[in-house]
Amino acid sequence: MMLPLVVLLVGERAWAYPWMIRHDYTSCATCHIDPSGAGLMTMYGRAQSEILLRTRYGTPPADEDPSKLGGFMFGAVPLPEELLLQADARSLFLHVQPPSPAPSVNRYILMQADVAAGLMIDRFRASVSLGYVHEGALGASVTHGEFNRLVSRQHWAGVVLGESEQFTLRAGRMNLPYGLRIIEHTMWTRSTTLTDINAAQQHGVAFAYVEEAWRMEAMAIIGNLQLSPPELRERGYSAYVERAFGQSLALGVSSLVTFTERDLAAGAPMFRHAHGLFARYAPVKPVVLMAEGDFVLRSPKDASLEPGATGMLQVDVEPIQGVHVIGAGELLNANFSESGTSFGAWAGAQWFFAPHADLRFDFNYRNVPVGEARAGVTSILGQIHVFL
């Protein structure tokens, strides 16, 4: 009974830091090949990870090239400007304490072992990733059956349009453009809307626009082509628009509507809606506040509507460069007419202690439905992430 709760508490996998707004980055396109952020970094993004993310010990020499250690293989393997390569490994130790008398659960999980490549040739853009997982991430699987271990979370090609190169048109398997692109993919705002960056990517065609004050992306979804049979695949759209006010505040709105001929949970045709607001704000440089609220709706054929809502508020404080103290609260009411409101609280710390490496520890408490009752579930997570 507690296994689904354990799965829901597993943490993040990939680079996506909306709190970079503290460094005056309201847009993600300068550091990531994906115009809406996360995943494979550009050469500029790698340089900024070395300058801004990790703890600096002592005073760096005046003539230091910040991009050298940030480069692929710590700069030991020079790459042409047109080619991007990255390898990520993330492992997790998870301790879960369910309600008594259920025993505690201790697990080691290899969360990520991915390699990714990208091309930036004139106006052409392309990105592909391939990885191994011990468990989970079934939506990204490229193999099936007993040896269902290989995953490809993204593979797309596109072109940059316009004289100012503000427009990007892409086709393939991509992250859904919706809400805050945070790494905590099990937060209810991501898991309820099915817009996480772990395995919820879809195939389709996406159009993005990025300029100084605005960023937006809209995607026509044709379904997850790695999911079989075809009637399980969703079709529809997902989109967001975000407006930056100066360098420290950004407000956005998201919308998603999909339809599937056979929903995995209900086993019947299903419309799924998610519509919401999100915000990022850095009142002072060490502090970033991020918030999101979403209205969700499931509409089965010949059945009553299933409306709900979810929301989160997260604060990230960086007292010294590379050390982050994180706190968050979240709410979920999956069905207004049947269930009460679940709540969760997160407290954690993340340390970018060396080039290409970080540690993270989280304490998480959630009050959730278990059968007809409610129960509190506590978890402790420890992670290490390295990339080349």
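Q: What makes a stretch of this predicted model a helix, and where is glutamate 50 found?
A: Helices here are DSSP runs of H or I with at least four residues, numbered from the N terminus. Glutamate 50 is found in one of them, helix α2.

Q: Why is glutamate 50 called buried?
A: Buried means under 20% relative accessible area. Glutamate 50 has 2% relative accessibility, so this residue counts as buried.

Q: How do you know that the side chain of glutamate 50 makes a polar contact with the side chain of arginine 54?
A: A polar contact needs a pair of N or O atoms within 3.5 Å. For the side chains of glutamate 50 and arginine 54 the value is 2.7 Å. Glutamate 50 also has a polar contact of 2.9 Å with the side chain of arginine 56.

Q: What makes a set of residues a nonpolar core, and which have the most contacts inside the largest one?
A: Members of a core are buried residues of kinds such as Leu, Met and Trp, joined through side-chain atoms within 4.5 Å. The largest core has 21 residues, and those with the most contacts inside it are Tyr17, Trp19, Met20, Leu53, Leu180, Met187 and Val288. Helix α2 and the strands β11, β12 and β15 each supply at least two residues of this core. Another core, of 14 residues, lies apart from it and includes Leu84 and Ala274.

Q: What residues line the second largest pocket?
A: Its lining has 14 residues, with Ala29, Arg125, Val160, Glu165 and Thr168 nearest the centre. The lining divides into seven nonpolar, four polar and three charged residues, and the pocket holds about 250 Å³ of space.

Note on methods: Residues numbered from 1 in each chain as written. Predicted model: local features only at pLDDT ≥ 70, side-chain atom pairs only at ≥ 80, totals over all residues. Heavy atoms only, no water. Buried < 20%, exposed > 50% of the residue type's maximum accessible area, 1.4 Å probe, protein only. Polar contact = N/O pair within 3.5 Å; in protein donor to acceptor, adjacent residues only side chain to side chain. 1 Å grid on protein atoms, 1.4 Å probe; cavity = no way out; pocket = protein on both sides within 12 Å on 5 of 7 lines; lining within 4 Å. Points joined across faces, edges and corners; volume = space filled by probe spheres on them. Nonpolar A, V, L, I, M, F, W, Y, C, P; charged D, E, K, R; others polar.
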